[in-house]
Amino acid sequence: MVSDIETRQSQDVETRRGQGVGESVLRPDGTLKVTGEFAYSSDLYLADMIWGVTLRSPHPSAWIRSIDIGPALTMPGVFAVLTHEDVPGEKFYGLEHKDQPVLAVDQVRYQGEPVALVAADHPERARRAAEAIVVEYELREAVTDPRRAAFDPSYPRVHDHGNVLRHQPVRVGSDFEAPVVVTGEYEVGMQDQAFLGPESGLAVPAEDGGVDLFVATQWLHVDRDQIAPCLGLPEEKVRLSLAGVGGAFGAREDLSMQVHACMLALRTGRPVKIVYNREESFFGHVHRHPAWMRYEHGATREGRLLYVRAEILLDGGAYCSSSPAVVGNAASLGVGPYEVDNVWIDAYGVYSNNPPCGAMRGFGAVQACYAYESQMDRLAEACGISPVEIRIRNAVSQGSTLATGQVIDTPAPLADMLRELAAMPLPAVADDPGLLDMPGGVSQTTHGEGVRRGVGYGVGIKNICFSEGFDDYSTARVRVELLGGEPHVLVHTAAAEVGQGLLMVQAQIARTELGIDRVTVAKADTTVGSAGSSSASRQSYVTGGAVKTACEAVRKRLDDLMADGSSLVQVLERAGAVEETREYRHRRTFPMDPATGQGNSHTQLALCVHRAVVDVDVELGLVKVVELTAVQDVGKIMNLLALEGQIHGGSAQGLGLALMEEIQVRDGRVLNPSFTDYLIPTILDMPPMKVSILENPDPHSPYGLRGAGEPPTLSSTPAVAAAVRAATGLPLPRVPIRPHDIALNG
């Protein structure tokens, strides 16, 4: 058993009564998190557990000539030291392709790659033992230039099969001439998910020769599907339970310490806990793909789009992760939510010896959005019309055809959203601003000299759920029984609660469908069928759909049993319990054509628009975001309080990418693996927000809902960047915008 602290997460605790879909139900885990009582995966504890530590490569590219573990084995308190030779099953794993070694075999492909493992009776002893391992490396040229990796055949290969992970073209039309043409080259830096809870978990060896793993993750079943072959075990002997998750944002889709903890537990016969420190966390998970993009937009003199050409290059780093899907999103959504008849896009994902990149909130659409929105502003200026009007004139609506040939068959009121946004009052300029109102804030770097105000707009379109033919489904088990003489509902799914409020939504759906107040959401684990990943803004849609469908099946059985006039309590007294398990799938999607990019690749699309108001000290290069305003269509509000939190949170991450967040990589080496040097927005950086939420139901989804977590991350970044451009008059083609980008060029 795991100790009491791990079970006090309130996932198994009855949630508030009488509050169903559409109500602002308080989160069952909210109070514990605010008071510090919530048990995260790093809080897991067993009396006889030992500690695991990972030895990582200091080099981005090298051959491994020898590993001497002898000095570590002789140290007191050390239980095991493992290398690739000790991997009991398959030595490679991966989300889409098995190209990533459990432990480096004969070479390392990025700084921070795991090389060896140590288990000891204290974390400090384990760290000292790891430091005692002697690894002989032969350094080689690192592949760090993504453009050369993609297009220079003389450049070294990161993998034998070549450096291009995926090339996805989109081809529509043939007329690429226009009276007004604007071109631009844009760059998006490498953003980190920067969750506050580091990678951690506890592996417990079982009597049947298997292992129980309690871990913070986004996708229990795919973790298991990757872990079991590496351990040489059947899937049923690898059992995963979700531990408390301290944020995710995509980085927990890939494995980190999972296989390592299980290997050590099975080798030592003891429970093994691994907790990364902050620096190791920066090396231990994937990041957002940095991007280099070249765009050309052609339009009429009135601002009607005639064509778009684009080249999008995404650096996937050393291993595949989810890069092919990221490339697909960037290509399919590369022109944004605009009607245009002629499109020529080439999107590439490449391997390099830079840090591995994968899923992060927005998933390929973020990078493209920054470029196409920057282009729309330039086009507005060239045509002599406003940034809002250029977007309204080209906005998609229901019935529009995307560049992939997919027809938008659900509400898409983008023009109305833009008009509503533009009509919202702008904040006044303070007559006597305080320190917190000025760029630089409490550092008192300015007293208003050189401060200029700017206003900018951003629009984003994001796919919801998995795309391109992926078998995207979720499973729910719903049980109704008597507890203490009263009807009670138990909802069990494997869906990961990563902070988005999914526990609460599942309970709300059960109350709505069954009319029973007492609802418990069981802890997510692999004893129930897969729920897929907590990503792609999909869980309310797919797991919500599964819970709804299972509840409907339970309700039908109860109705049949009560047909003789019996009460619900009487039926449950006779039957004992009524339980149903159901899978839910959204409508089918299809892969993009590899030559033309055509195909109905997405099941649902979501829109968000932002306006940003900034004050910029053009002499010091400092930016103060004065206000963010957002309009988003969510189809159906499931929980207003949680939804507003998602929009605020997504906007904060977009602001961070616009102004401060970047992993600095030089020659394949990370220069800032700490929260001292990697900056994320704090409460002092986030401005007041005005949010307008629209409900235009999607007829294909449960309750008409539309995934809402990712879209605000797209449109907030270009809105902030556009506002800074408006204040400074500078082109600023790169995010994050750094002080010297403004001060040295102003």
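Mentor: Two strands pair if DSSP finds at least two bridges between them. Strands (E, at least two residues) and helices (H or I, at least four) are DSSP runs, numbered from the N terminus. This model is predicted: local features need pLDDT of at least 70, side-chain atom pairs count only at pLDDT 80 or more, and totals for chains, interfaces and linings use all residues. Residues are numbered from 1 along each chain as its sequence is written, and side-chain values use heavy atoms, with hydrogens and water left out.

Trainee: Which residue in E6 stands opposite Ala62?

Mentor: Look at strand E2, residues 62-68. E2 and E6 run antiparallel, joined by 2 bridges. Opposite Ala62 stands Val108.

Trainee: Now E16. Why is strand E16 largely enclosed by the rest of the structure?

Mentor: Strand E16 spans residues 305-317. Count its buried residues (under 20% relative accessible area, 1.4 Å probe, protein chains only). The strand is largely enclosed because the buried ones number 10 of the 13.

Trainee: How many bridges join E15 to E16?

Mentor: Strand E15 holds residues 291-299 and runs antiparallel to E16. The number of bridges is 9.

Trainee: Which residue in the turn of the E15 and E16 hairpin has a positive phi?

Mentor: The hairpin has 5 residues between its two strands. In that turn, one phi is about 95°. The residue is Gly303.

Trainee: What is the bridge partner of Tyr307 in E17?

Mentor: Strand E17 covers residues 342-351. E16 and E17 run parallel, with 10 bridges joining them. For Tyr307, the partner is Asn342.

Trainee: Through which helix does the chain cross from E16 to E17?

Mentor: The path is a β-α-β crossover, and it is right-handed. Right-handed means that, with the strands pointing away from the viewer, the path from the first strand over the helix to the second runs clockwise. The helix here covers residues 323-332. Its name is H9.

Conventions. Buried means under 20% relative accessible area, exposed over 50%, partly exposed in between (1.4 Å probe, protein chains only).
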